[in-house]
Amino acid sequence: MNTKYTIAYEYHNSLYLNITNRCPNLCVFCIKNKWNMDYRGYNLKLLKEPSVEDIKVDVEKNFLNKKYDEIVFCGYGEPTMRWDTAKEFIMAVRSGSVKSVPPKIRIRINTNGLGNLINKRDITLEMKGLVDALHISLNTRSREQWVKLMQPFNDYRDNGFDSVIDFIKRAKGSVKEVIVTAVELEEVDIKAVENLANSLGVGFRRRPLLDYEEA
Ligand code: SF4
C-alpha cells in the first residue's frame with residue numbers, strides 16, 4: 001500500500017475524492033477497517049482533512065493527465081460531514097476556476113443520506129445547480145434493520161432512518177439523479193428496498209459485494 005495518503009483517486013473513468021475519514025455510522029458492510037484503509041492500492045487514511053485548496057491542487061494534477069467523466073465524493077468517510085468544503089470546491093469547478101476541469105463535469109456524491117442531520121439544515125437546497133447525482137446507501141425499508149446494518153452513533157440512532165428518507169424526498173427537488181442503493185447482503189431484502197425507492201420516486205441500484213467500499 002502507498003504510504004502517502006490519497007485525496008483524489010481513479011476508479012473506472014471517474015475521479016473519486018476522499019475528503020474525510022469521519023462518519024457517524026459503523027456499517028456492518030463497511031470495509032475501511034477490514035481493508036486497513038487501503039482501496040486498490042490507494043492509502044485513504046487521511047493524516048489531515050484536505051482544504052478546498054488541497055482538493056483543487058490534487059484534482060487539477062489528475063485532470064492534467066486525463067479527461068475523467070465525473071468527479072465522485074466518496075472515499076472512506078461520509079462526504080457530507082464536510083459539505084461546506086465540498087460545496088466550495090464544487091462552486092469553484094462550476095465557475096471554471098479549477099484548471100483543466102470542465103465546469104459542467106458530472107459531479108456525484110455517494111452518501112449515507114444523513115447530511116441534513118449532520119449539518120442541522122437542509123443541504124439538498126444548496127445542491128441545486130452544483131450536484132448532478134446523489135447515490136444514497138439505504139439498504140433497508142425498516143427503521144430497526146437500518147440501526148442494525150448501519151450501526152449509527154447514539155445521536156443518529158433514533159431519527160437517523162427517518163432523516164434519510166426525508167433527505168431522499170427533498171433531494172429530488174434539487175438533484176437530477178437520485179438513486180437509492182442496497183448492498184447484496186443475505187439479510188437485505190433487495191426487492192423491498194427497490195419498491196421503496198419506486199414509491200419515493202427515485203432510482204434504485206443494487207450493489208454487489210465487491211462494491212461495499214463505495215458507500
Ligand atoms: S460504509 Fe459509508 S456510511 Fe457506512 S460506515 Fe463506511 S463510510 Fe460510513
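Rings of Phe, Tyr and Trp (for Trp, its six-membered ring) are taken to pair if their centres lie within 6.5 Å, with planes under 30 degrees apart counted as stacked, those over 60 as edge-to-face and the rest as tilted. On this basis Tyr9, Tyr11, Tyr16, Trp35, Tyr39, Tyr42 and Tyr76 form one aromatic cluster. The model is a predicted one, in which local features need pLDDT of at least 70 and side-chain atom pairs count only at pLDDT 80 or more, whereas totals for chains, interfaces and linings use all residues. Residues are numbered from 1 along each chain as its sequence is written, and side-chain values use heavy atoms, with hydrogens and water left out.

By the ring criterion the count comes to 9 aromatic pairs. The rings of tyrosine 11 and tyrosine 16 have their centres 6.0 Å apart and their planes at 75 degrees, so this pair is classed as edge-to-face. Burial is assigned from relative accessible area (buried under 20%, exposed over 50%, partly exposed in between, with a 1.4 Å probe and protein chains only). Tyrosine 11 has a relative accessible area of 13% and is therefore buried, and tyrosine 16, at 4%, is buried as well. Tyrosine 11 also forms an edge-to-face pair with tyrosine 39, at 5.7 Å centre to centre and 75 degrees between the planes. Because tyrosine 11 lies in strand E1 (residues 8-11) and tyrosine 39 in strand E3 (residues 38-39), this pair ties together parts that are 28 residues apart in sequence; helices (H or I, at least four residues) and strands (E, at least two) are DSSP runs, numbered from the N terminus. Both tyrosine 11 and tyrosine 39 are buried. Elsewhere, the charged end of lysine 4 sits over the ring of tyrosine 5, 5.5 Å from its centre, the criterion being NZ of Lys or CZ of Arg within 6 Å of the ring centre and within 35 degrees of the ring normal.

In soluble globular proteins, nonpolar side chains tend to be buried together. A nonpolar core is here a set of buried Ala, Val, Leu, Ile, Met, Phe, Trp, Tyr and Cys residues joined through side-chain atoms within 4.5 Å. Of the 59 residues in the largest such core, Val59, Ile71, Phe73 and Phe89 touch the most other members. With contact meaning heavy atoms within 4.5 Å, and with residues up to four places away in sequence not counted, the partners of phenylalanine 73 include Leu17, Ile19, Pro79, Ala86, Phe89 and Ile90. A second, separate core of 10 residues includes Tyr16, Met37, Leu44 and Tyr76.

Side chains of opposite charge can pair when their charged atoms come close. With a salt bridge defined as a side-chain nitrogen of Lys or Arg within 4 Å of a carboxyl oxygen of Asp or Glu, the count comes to 17 salt bridges. One of them joins the side chains of arginine 22 and glutamate 49 (2.9 Å, N to O). This pair links distant parts of the chain, arginine 22 being in the loop between strand E2 (14-17) and E3 and glutamate 49 in the loop between strand E4 (42-43) and helix H1 (52-65), 27 residues apart. Arginine 22 is partly exposed at 39% relative accessibility, and glutamate 49 is partly exposed at 30%. In a further salt bridge, the closest N and O atoms of aspartate 84 and arginine 121 are 2.8 Å apart. Since aspartate 84 lies in helix H2 (residues 83-94) and arginine 121 in the loop between helix H3 (115-119) and strand E7 (133-137), the pair ties together parts that are 37 residues apart in sequence. Aspartate 84 is partly exposed at 44%, as is arginine 121 at 31%. Arginine 121 also forms a salt bridge with glutamate 126, their closest N and O atoms being 2.7 Å apart. Salt bridges that share partners join Glu70, Arg106, Arg108 and Glu177 into one network.

Histidine 135, in strand E7, is buried with a relative accessible area of 8%, and its contacts beyond four places in sequence include Arg106, Arg108, Glu177 and Thr181. Arginine 207, found in strand E9 (residues 203-207), counts as buried at 1% relative accessibility.
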